Amino acid sequence: MKELRLMKGNEALAEASIRAGADAYFGYPITPQSEVIEYLMHVQPEKTTGMVVLQAESEIGAINMIYGAAGCGKKVLTTSSGPGISLMQEALSYIAGAELPCVVANIQRGGPGLGTIQPSQGDYFQSVKGGGHGDYKLITLAPASVQETVDYVKLGFELAFQYRNPVMILTDGIIGQMMEKVELFEQQPRITEQFDWATKGKVPGKDHVIVTSLMLQSEEQEKINLRLQAKYREVENNEVRYQEHYCDEDIDYLLVAFGSCARITQKSMEMAREKGIKIGLIRPQTLYPFPVAIIEKLAAKVKGILTVEMNTGQMIEDVKLAANGQTKVEFYGRCGGMIPSPDEILNAIETKLIGG
Amino acid sequence: MSEIIKPENIVYEKTKVMTDKVMHYCPGCGHGTAHKMVAEAIEDLGIQNETIGVTPVGCSVLAYYYFAVDMQEAAHGRATAVATGIKRVMPEKYVFTYQGDGDLAAIGTAETIHACNRGENILIVFINNGIYGMTGGQMAPTTLEGMKSSTSPYGRDLKTMGNPLKISELVAQLEGTYYVTRHSVHTPANARKAKRALKKALEYQKLNKGTCLVEIVSNCPSNWKMTPVESNKWMEEHMFPFYPLGDIKVPQQ
């Protein structure tokens, strides 16, 4: 049954994975997301839903366990943060290449390198532009609350299986660590479907199943790449999700921000509107596919766009591509684990966007 | 064939667990025989439809075309992690990996040791020919002292290149392993022994007692730059003294 609880983001994510009917979680501890595996180990879903929980020897081990289990047609997920997600990039490329479904959550911390354990949005490029080798895409969901984190675990699995593609939930240390009221969805049954593409033991009379991303014949590899691209176009056509504030009104300026940073930016927007500034906000909920059409449309009517991020300017490239030169696109960001205050963003609106 | 030989007179048939795909292996390479022994072991146990295999990166990367069981292709070195994922969500299946020395004992050492240490109920088939075959004869973790390769052209120098790694002896010390044994497939008698070991190891999987590793010391005529016959002789004279055949760890009664 549905349930209302006050929960920490990471624990809510873990609970959502059980309720989504996941078959297995493989993970490795890293701050700020270790509560996910701690929660699962404490709750012991193996005794209730049968969900396997295993602490791997490394993030490399964990994501390759994901590959193996996903290749069996099972619902599996892992979670990590920057340095660990970097280690997973090799296998993510293989998973995308072999077209296997899985959910990976990146509870972002500041980089580069070991960086900091404080929140950041510095892994936008890594998630949205590839990260690993070769032409592939991760469907990337960006929750802005504990509630959305929970909902996107369920949505993530649905999209992963619909498109047979890895799904990245790109959140951060703020959402992972903070407690909020959350409505947990009802327990979903574990999947029992036997997929044709999955290894499950050879079916008599049928060819054996091979899960691979290898194709040495270039003509065939090109076909695989083109098939993947056709799938990505389908994703771009059908799965764009975003939230808009005041965008159907007569606005002079537009803000674009995602995740936790969008919630702070929303506050700044309200402060600016109280001052009489006609301003709206687009919050992409899917970073890939990016909400290109709405930003392109709004760019035609506003005097300028301000992109606000907890990094040194990553999503702004996609905003600029969407705006396509129709209006100026400015940036304000904090990085290294620093979180912008509503006042700072308001100041950027007044100086960079309006005054600039 | 059945038109010429009456069924009651057939004494040998190719195992149904091997496909008819023409193998890409070099003439005289041990992989073909090693594959056959694994496949025959699976057939003898009647578990073709309950087995899932994992192939490595290396010469046997395309082994998934040859085994007529469901197969997954892992990233370089990650086969035992992939097999862990498979076995944990499908514990009723027989799961094996088939890996070379570079894959299992260099880039995949962490995955190998930790899968063994957790006692994953899988079979690891480890082909040790002391060289990277697919990439063209580079030094492997198991390359012998003084042995020439394209990246040890004057012979492996232990001081600068480290020592050949006895990974089977290493994992045999771990509580998680149940059966560790070393074989070869270069003579019919040795191949039969290897098959018996593989069968035992697969049967043990149902006991849930831990990881089984069957090492097969093999040859690489192309990169050892020898004829197949010479390579087998060289293997007996040089590989076997350092990697002695026989059981390393057997189940405690």
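In this predicted model, helix α3 (residues 59-70) of chain A meets helix α2 (residues 79-89) of chain B, their axes coming within 6 Å and crossing at roughly 50°. Axes are lines fitted to C-alpha atoms, for helices over the stretch in contact, with angles running from 0 to 180 degrees between N-to-C directions. α3(A) and α2(B) are therefore oblique to each other (under 35 degrees is roughly parallel, over 145 roughly antiparallel, 65 to 115 roughly perpendicular, and the rest oblique). The crossing of α3(A) past α2(B) is right-handed (the near helix is turned clockwise from the far one by less than a right angle). On α3(A), the contact involves Gly61(A), Asn64(A), Met65(A), Ile66(A), Tyr67(A), Gly68(A) and Ala69(A). On α2(B), the residues are Ala81(B), Val82(B), Ala83(B), Thr84(B), Gly85(B), Ile86(B), Arg88(B) and Val89(B). Contact requires C-beta atoms, placed from the backbone, within 7 Å. By class, nine of these residues are nonpolar, five polar and one charged (Ala, Val, Leu, Ile, Met, Phe, Trp, Tyr, Cys and Pro are nonpolar; Asp, Glu, Lys and Arg charged; the others, Gly among them, polar).

Across the two chains, 32 residues of chain A contact 29 residues of chain B. On chain A, β2 (24-27), β3 (52-55), α3, α4 (82-98) and β9 (210-211) each supply at least two residues to this side. The largest share, eight residues, comes from α3(A). The chain A side comprises 17 nonpolar, nine polar and six charged residues.

Chain B holds nine helices and nine strands (DSSP runs of H or I, at least four residues, and of E, at least two, numbered from the N terminus). Its radius of gyration is 18 Å, close to the 18 Å that the globule rule gives for 253 residues, so chain B is as compact as a globular protein of that length. The radius is taken over C-alpha atoms, and the rule is 2.2 Å times the number of residues to the power 0.38. Of the 253 residues, 54% count as buried (20 or more other C-beta atoms within 10 Å; 12 or fewer is exposed, in between partly exposed).

Pro141(B) lies in the loop between β6 (138-139) and α5 (158-161) of chain B. Pro141(B) counts as buried because it has 20 C-beta neighbours inside 10 Å. Beyond neighbours within four places in sequence, Pro141(B) contacts Asp101(B), Gly102(B), Ala105(B), Ala106(B) and Leu165(B).

Residues are numbered from 1 along each chain as its sequence is written, and chains are lettered from A and ligands numbered from 1 in the order written. In this predicted model, local features need pLDDT of at least 70 and side-chain atom pairs count only at pLDDT 80 or more, whereas totals for chains, interfaces and linings use all residues.
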